[in-house]
Amino acid sequence: MGQLLRWFGKVVLGAVVLSILLVTLFRFVPLPGSMVMLERKVGSMVDGEPMTLEYRWTPWRSLSDQAKLAVIAAEDQKFPYHYGFDLDQVHDAIQAWQEGKSLRGASTISQQTAKNVFLWSDRSWLRKGMEVWFTLLIELIWPKERILEVYLNVVEWDRGVFGLEAAARHYYGIGASQVTADQAARLAAVLPNPRGWNPVTPSARVAQRSTWVRQQMRQLGGTRYLQRLQ
């Protein structure tokens, strides 16, 4: 038993060291892809419907400021201020669950980035625990601008379409730097269901949500809000 525990301890220690090294590496190096991309690719092959991944890493300066603002407005308005977790949202989600309502998500941009880059997409307690660990790591090692940069590069926007550059070309025929405020609001509006909703031919629900996102962008003060990430 003692030998088994020592072996287990070495495995855990190795996993911790490896995770720290990976997060530190990706603080500086463009990501070649993400675990969600790999999962989608393998899943499509298993289903007999292979797909081509549309993904092109785009640095911070070439990402539309309107898109940066839109995803913050839509997904995580406290992003510049928290340390990876919105405790108020977590409390509200737990309270709703205790009242018998469905357990809704309370993920911040940091948590979504950690999950998309390093983990798989199921909702097991193991995955949630690892998500907490990786979220803490990226908040500790990466500045806020880097977290948002990575998020905008790896987030899924359609089947096989990952990142703002691919999404801008896929939907609008433009580059990531050219995305306007209205286009950004529509892209951000479909993030809760990127493979089911379309920003170009929006349903009434998506149109209503994109209007709300646009309003939130104005209430945050426009792209000047991004200065709070520094």
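This is a predicted model: local features need pLDDT of at least 70, side-chain atom pairs count only at pLDDT 80 or more; totals for chains, interfaces and linings use all residues.
**Ground rules**

I number residues from 1 along each chain as its sequence is written. Local features need pLDDT of at least 70, side-chain atom pairs count only at pLDDT 80 or more, totals for chains, interfaces and linings use all residues, and side-chain values use heavy atoms, with hydrogens and water left out.

**Overall fold**

I looked up the secondary structure first. The protein has 10 helices and two strands. I take both as DSSP runs, numbered from the N terminus: helices are H or I with at least four residues, strands are E with at least two. Along the sequence the pattern reads α-α-α-α-α-α-α-β-β-α-α-α. The radius of gyration is 18 Å, close to the 17 Å that the globule rule gives for 230 residues, so the protein is as compact as a globular protein of that length. That radius is taken over C-alpha atoms, and the rule is 2.2 Å times the number of residues to the power 0.38.

I then checked the dimensions. The C-alpha trace spans about 60 × 40 × 40 Å along its principal axes.

Next came burial. Of the 230 residues, 44% are buried. I call a residue buried under 20% relative accessible area, exposed over 50%, and partly exposed in between (1.4 Å probe, protein chains only).

I also looked at contacts, meaning heavy atoms within 4.5 Å. Among contacts with a separation of 6 or more, 70% come from residues 24 or more positions apart.

**Trp 157**

I picked this residue in strand E1 (residues 156–158). Is Trp 157 buried or exposed? Its relative accessible area is 1%, so I log Trp 157 as buried.

Which residues touch Trp 157, leaving aside neighbours within four places in sequence? I find Leu 152, Gly 163, Leu 164, Ala 167, Tyr 171, Leu 187, Ala 188, Val 190, Leu 191 and Pro 194. I also took one distance here.

**Salt bridges**

Side chains of opposite charge can pair when their charged atoms come close. My cut-off is a side-chain nitrogen of Lys or Arg within 4 Å of a carboxyl oxygen of Asp or Glu. How many does the whole structure hold? The search finds 12 salt bridges.

I started with Asp 65 and Lys 68, whose closest N and O atoms are 3.0 Å apart. Both sit in helix H3 (residues 65–75), three residues apart, so about one helical turn separates them. Asp 65 is partly exposed at 38% relative accessibility. Lys 68 is buried at 2%.

Lys 144 pairs with Glu 139, the closest N and O atoms being 2.8 Å apart. Both partners are buried: Lys 144 has 11% relative accessibility, and Glu 139 has 15%.

Arg 214 and Asp 182 meet at 3.1 Å, N to O. This pair links distant parts of the chain, 32 residues apart: Arg 214 is in helix H10 (residues 204–219) and Asp 182 in helix H9 (residues 181–189). Arg 214 is partly exposed at 23%. Asp 182 is partly exposed too, at 45%.

Last, I noted a network. Salt bridges link Arg 40, Glu 156 and Arg 195.
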